[in-house]
Amino acid sequence: MSSNSLATQFKAHLDDFQISLEPSALNYLTSMLAVMSMSDKAKDIRDATEMFLEEAEVDPEKINQFYITLAKGNVKTSSGTSTSVSASSPSTDNAPPPDQPKPMSSIEARRMKRAQKKAAAAAASPSQPTEAEPKIVATAQQSRFHRETLETSSKDIDMQTVNISVNNLDLLVDAHLRLKEGVRYGLVGQNGVGKTMLMECMADNILAMPSNLNILHIAQLETFDETTTVLNEVLGADKACTKALREYEVLHAILGNTPQPTSSSTTRVITAQQLALKRSGTRGHDARQAQLAIETEFAALKIQDPQLYISSDMATELITDVFDKFTLINFDARKAKARKILRGLGFEEAQVDARVQTLSGGWRMQIALAKALFVGPDILLLDEPTNHLDLPAILWLQEYLMNETTGLTLVIVSHDRAFLNAVTTETIILRDKMLKYHAGSFADYESTSEEQRVRKQALLDVQAKKRAKLVASIQHNVQQARATGDDKRLGQVASRKKKLERLGMEKTEDGKRFKVSYWAGYHTSARAEIEMEKALKTASIKIPDPPPLRYHGSVFTVKNASFRYPTSNKDTLTNVSLDVGPHARIALLGPNGCGKTTLLNMMVGVTQPTTGEVYRHPSLRIGYFSQHVVDQLTLTRTPIEEMRARHPGLSEQECRAHFGTVGVSGNTVLRKIANLSGGQRNRIAFAIILYDAPHVLVIDEITNHLDMGTVERLVEALEGFEGALVLVSHDVWFMKQLMEGEEDVDDESEVKEERAFYVVRNGAVKRWEKDMDGYVEAVMKKVRKSDKY
């Protein structure tokens, strides 16, 4: 039915229900319904028109009945026509002719415009189930010789005025990107500042990088062939070698029927297109002309008859080239290298030869890391490579990157301080939309920054004293000059005012004496001011104190407990006995797969022991941050919706207040969880766990995706937690801070915290009497002695 029929039917309903509207309102409704149709939802029609019935002071019950019958009248029959509620309703007596509508007032026009926008938005909303792809804009200064499009022998990167924005949000503004060949960089910065986006722009060539460099980001390797084995998946990451093997196999199978050499021609076309896109000006014109010539040549080649076009010399040259490439491939060395990398990252022999489809997400991330290490590009970008790795694998990766990547430029983003300090030799700090460089590890940067802050604070204190002394002297001399009429004192005042203007930096950052000639540009003072670099502010985390249990015994007691999975014929844990006091600090150590998570699941009641028993205090509240707790969040909800779904009855303000205790505030709690960063999701999941004020926190790999500042705040919060802690983490710094922190000698509390390490190995749980450094040293010895390294 047409839109005019909708207007007619609506007016008929008004007459049936004896509802009278003002002529101007009726005129506006008729014009508005002309842009709608019977196919629109009844709710949309009601939303657009109900306000006029309310202004006419129609009874709400009568309004409801009006729209119910109107909706019933919109049901289409099987013949495709629409039925009407009143067959005798007037047609268009009071409606304006469709070709000559009545003139509308300015108020009516504004109403109509708003209704049209609302109707258009309602019609468009069902077709937009997901958000649009982010718009990424990345630019950099191009030299007059267009070095970024040329092939040179240098593997350095030196790009000025790099700008990156995502959806008009600036991440980098006029930054200087500088990477030297063979240097291992640590890229640090708070969550959300753009570290991963910078890596993606470099690897995906959104920034015009030098064309001779092979830049690889680990995220580019996260697509897998489900049907192949893990070993073949890693071997296939070397595209050049894989292509040479494929060409050899084709020639070997059909030797004598030589195929067209279109592979190299296609490569020439793609290369020409890339150059034409990157270059500008006269060189861009020449590149586009070369592109057209190559495309024309390629099109002419495709229409040729292979039997007539390909000569014996061409076939011989092609076959020789393919066989030469094949003979240069050392198959045994490639397989040995791939197996070495996979074993070092924790893969067992059975997993190396297993199909990719049989492995979980964590193992697939390790396959992507293995592929990146196997390819060995010119520049390798690693984003959180230690996630999902256990301590032996982290130490192996640390040794591999330090000793087996000579000449390779590395850029690493990691929250693991110990790993970052051991591997990296220089540090890039992404802060305030700029890139700053420090010639040293992150630990050296921290200590140097602190020394700079102390030195500048001392300079500020001295400068404040000088300034106060000069100001007092100026005031005194001015008073004396006025009292005595001594003009010499006015000369002293002028001299001291010049000294006051020259207060500022006496030395440059590199220790040289400050000179005006060093200070380019226009400035309002004679010297640079002493600027204190503000420390990064990371939102604090507050853990609520648990209610008293009125019980001083063990909150957890595991007694001779064993556990076996239903599909296994061997116990994962055997005769485990463990006591956890109300204020204990327990850390479980061991490689992946040894049973740490199984023990945690058994302790908190997720699973039950096959034999033995696990005792928990009946009033005990347990907060369990498992490895999969973040994955259990509903991505289509906002944090407030997620909290209210799990704790009905909470108001939005109460949810906001609780999320604020873990540093999540503002519009973040109104965004879909799918649009939040990994660190923000961790905070959301942790906040939900803390809502019940648990007596025991059981934490399994909580530091994944958190930046260093957040890990520091988390350590501070956990140190002040009055309940018990059971920890599993492969972050050495995190474990040392919580398990080996200095005891407060001024603490007069009678409560004594038990701190103990336990090693899970071969199904047994035994206490580790040494410290964390001792355990790391023991694992490192095994890594170096094994054939993994």
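A residue counts as buried when its relative accessible area is under 20%, and in this predicted model that cut-off matters for Arg 343, which at a relative accessible area of 18% is therefore buried. Its salt-bridge partner is Glu 349, with the closest N and O atoms 3.7 Å apart, and Glu 349 is partly exposed, at a relative accessible area of 39%.

The setting for this pair is a chain of 789 residues, of which 41% count as buried, and which contains 26 helices and 18 strands. Among the contacts between residues at least 6 apart in sequence, 69% join residues at least 24 apart. The chain exposes about 43300 Å², and carbon and sulfur atoms supply 50% of that area.

Side chains of opposite charge can pair when their charged atoms come close. A search of the whole structure finds 17 salt bridges, one of which joins the side chains of Arg 339 and Asp 353 at 3.2 Å, N to O. Arg 339 belongs to helix H13 (residues 331-344), while Asp 353 sits in the loop between helix H14 (349-352) and helix H15 (361-375), 14 residues apart. Arg 339 is partly exposed, with a relative accessible area of 23%, and Asp 353 is likewise partly exposed, at 43%.

Because Lys 736 lies in helix H25 (residues 732-739) and Asp 773 in helix H26 (residues 772-785), the pair ties together parts that are 37 residues apart in sequence. Salt bridges that share partners also join Arg 417, Glu 446, Glu 712, Arg 713 and Glu 716 into one network.

Terms used:
Residues are numbered from 1 along each chain as its sequence is written. This is a predicted model: local features need pLDDT of at least 70, side-chain atom pairs count only at pLDDT 80 or more; totals for chains, interfaces and linings use all residues. Side-chain values use heavy atoms; hydrogens and water are left out. Helices (H or I, at least four residues) and strands (E, at least two) are DSSP runs, numbered from the N terminus. Buried means under 20% relative accessible area, exposed over 50%, partly exposed in between (1.4 Å probe, protein chains only). Contact means heavy atoms within 4.5 Å. Accessible areas come from the Shrake-Rupley method with a 1.4 Å probe; for residues, only the protein chains shown count as cover. A salt bridge is a side-chain nitrogen of Lys or Arg within 4 Å of a carboxyl oxygen of Asp or Glu.
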